[in-house]
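Visitor: Please take one part of this model and look at it closely, following what surrounds it. I would like a connected account, with every cut-off stated as you go.

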Amino acid sequence: MKYLAAYPAALRAQVEQLIVQGRLGEWLQKRYGSTHDIRTDRALYDYVNDLKSQFMRNAEPLSKVAFDNKLHVIRNALGTHTTVSRVQGSRLKSKREIRVASLFKEVPVEWLRMIVVHELAHMKEREHDKAFYQLCAHMAPDYHQLEFDLRLYLTHLDGGGERLWSAAA
């Protein structure tokens, strides 16, 4: 249960019990509805920019937002944010990108929102500190619960469980 290592032992024991009973996936499906309909990079870009304009109007514009098939495998990450700065003439130009693991194409919209909020928060706060998590909670008031539930899903998948949602669901 590597995704839950930082949580209290009593909570991990409850999760372990659900796993042993084979009910973790069922519990997650009851808690969350069907998957969202954001399937393309363009739709993801629009979704991210809507959230950005709602909560971070003064932040620099995003050059690219995309789903990334290799992200989870290569970087052991669910999303990334990058800033590339280049000198053009006498000016410094920067491009900001957000990449989201393709896993998020087929999950409940709440989890997609959670990962997008996380990456947007990095535009203002680089470190995972108190200010960072306050910003995340401002954009998604149930951020911490969503992060925990996503960790439960990753634990389910890591233990050999099937994907619980699909585009057709």
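Guide: Helix H5 is mostly covered, with 10 of its 13 residues buried, where buried means under 20% relative accessible area, exposed means over 50% and partly exposed lies in between, for a 1.4 Å probe and protein chains only. The model is a predicted one, in which local features need pLDDT of at least 70 and side-chain atom pairs count only at pLDDT 80 or more, while totals for chains, interfaces and linings use all residues. Residues are numbered from 1 along each chain as its sequence is written, and side-chain values use heavy atoms, with hydrogens and water left out. Helices (H or I, at least four residues) and strands (E, at least two) are DSSP runs, numbered from the N terminus.

H5 covers residues 109-121, and from its first C-alpha to its last it reaches 18 Å, close to the 18 Å expected at 1.5 Å a residue; that expected span is 1.5 Å times one less than the number of residues. The buried residues in H5 are Trp111, Leu112, Met114, Ile115, Val116, Val117, His118, Glu119, Leu120 and Ala121. These buried residues pack against helices H2 (24-31), H3 (41-55), H6 (130-139) and H7 (143-158), and also against strands E2 (79-88) and E3 (91-101).

Rings of Phe, Tyr and Trp (its six-membered ring) pair if their centres lie within 6.5 Å, and planes under 30 degrees apart count as stacked, over 60 as edge-to-face and the rest as tilted. By this rule the count comes to 7 aromatic pairs. In one of them, the rings of Trp111 and Tyr153 have centres 5.3 Å apart and planes at 35°, so this pair is tilted. Because Trp111 lies in helix H5 and Tyr153 in helix H7, the pair ties together parts that are 42 residues apart in sequence, and both Trp111 and Tyr153 are buried. Trp111 also pairs with Trp165, with ring centres 5.3 Å apart and planes at 90°, so this second pair is edge-to-face. Here, too, distant parts of the chain are linked, since Trp165 sits in the segment after H7, 54 residues from Trp111 in helix H5; Trp165 is buried, as is Trp111. Together with Tyr32, the residues Trp111, Tyr153 and Trp165 form one aromatic cluster.

On a 1 Å grid over the protein atoms alone, a pocket is an open set of points with protein on both sides within 12 Å along at least five of seven lines, a cavity is a set of points where a 1.4 Å probe fits but cannot get out, and lining residues have an atom within 4 Å of a point. Grid points are joined across faces, edges and corners, and a volume is the space filled by probe spheres set on the points. The largest pocket has a volume of about 500 Å³. It is lined by 21 residues, of which Asn76, Ala77, Leu78, His118 and Arg151 are the closest to its centre. E2, H5 and H7 are the elements that give two or more residues to this lining, and H7 contributes the largest share, 5 residues. By class, the lining of the largest pocket has 9 nonpolar, 8 polar and 4 charged residues, with Ala, Val, Leu, Ile, Met, Phe, Trp, Tyr, Cys and Pro counted as nonpolar, Asp, Glu, Lys and Arg as charged, and the others, Gly among them, as polar.

E2 and E3, against which the buried residues of H5 pack, each supply at least two residues to the lining of the largest cavity. A search of the whole structure finds 1 cavity of 30 Å³ or more, and about 30 Å³ of space lies in the largest cavity. Its lining consists of Leu62, His81, Thr82, Thr83, Arg96, Glu97, Ile98 and Met123, which by class gives 3 nonpolar, 3 polar and 2 charged residues.

One further distance involves Glu110: its C-alpha lies 19 Å from that of Asp68, a residue 42 places away in sequence. Asp68 belongs to strand E1 (residues 64-68) and counts as buried at 18% relative accessibility. Leaving aside neighbours within four places in sequence, Asp68 is in contact (heavy atoms within 4.5 Å) with Arg99, Val100, Ala101 and Ser102.
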